[in-house]
Amino acid sequence: MISARPYGLWLAIIRIYTGIFWISHALQKMIDPRFASQSGSFDRLVTASIGSSSGVYRDFLLGTIQPHLTLFAT
């Protein structure tokens with residue numbers, strides 16, 4: 001019979017790493033006061049996405065995300 005303990009240990013390590021990854025990226029957004037501004041990081045990200053997308057997703061970015069940039073960045 002195979003023990004579940006090694007699998008649980010690896011799963012815990014992966015979950016902790018994932019949590020640290022998400023928290024570190026979230027903190028960068030919360031600390032940077034220019035992230036949600038009109039010329040901030042989120043605006044550049046959306047602008048780059050508009051240039052490389054097409055169809056419904058591009059329309060969504062142009063019609064919904066870009067006009068309400070600070071709302072979606074928050």
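Mentor: We'll go through a helix, a surface patch and a charged residue in this predicted model.

Trainee: Great. How many residues does α1 have, and how far does it reach?
Mentor: Helix α1 covers residues 5-31, which is 27 residues. From first C-alpha to last it reaches 38 Å, close to the expected 39 Å.

Trainee: And how many of those are buried?
Mentor: Zero of the 27, so α1 lies largely in the open.

Trainee: Which residues form the nonpolar patch on the surface?
Mentor: Ile23, Leu27, Met30 and Ile31, with about 460 Å² of accessible area together.

Trainee: Is Ile31 buried or exposed?
Mentor: Exposed: Ile31, which sits in α1, has 65% relative accessibility, and the cut-off is over 50%.

Trainee: Switching topic, where is Asp43 found?
Mentor: In helix α2, residues 41-52. Asp43 is buried but has no salt bridge.

How values were computed:
Residues are numbered from 1 along each chain as its sequence is written. This is a predicted model: local features need pLDDT of at least 70, side-chain atom pairs count only at pLDDT 80 or more; totals for chains, interfaces and linings use all residues. Side-chain values use heavy atoms; hydrogens and water are left out. Helices (H or I, at least four residues) and strands (E, at least two) are DSSP runs, numbered from the N terminus. The expected span of a helix is 1.5 Å times one less than its number of residues. Buried means under 20% relative accessible area, exposed over 50%, partly exposed in between (1.4 Å probe, protein chains only). Patches are made of residues with over 30% relative accessible area and no salt bridge: like charges are joined within 9 Å, nonpolar side chains (Val, Leu, Ile, Met, Phe, Trp, Tyr) within 5 Å. Accessible areas come from the Shrake-Rupley method with a 1.4 Å probe; for residues, only the protein chains shown count as cover. A salt bridge is a side-chain nitrogen of Lys or Arg within 4 Å of a carboxyl oxygen of Asp or Glu. Lys and Arg count as positive and Asp and Glu as negative; His and the chain ends are not counted.
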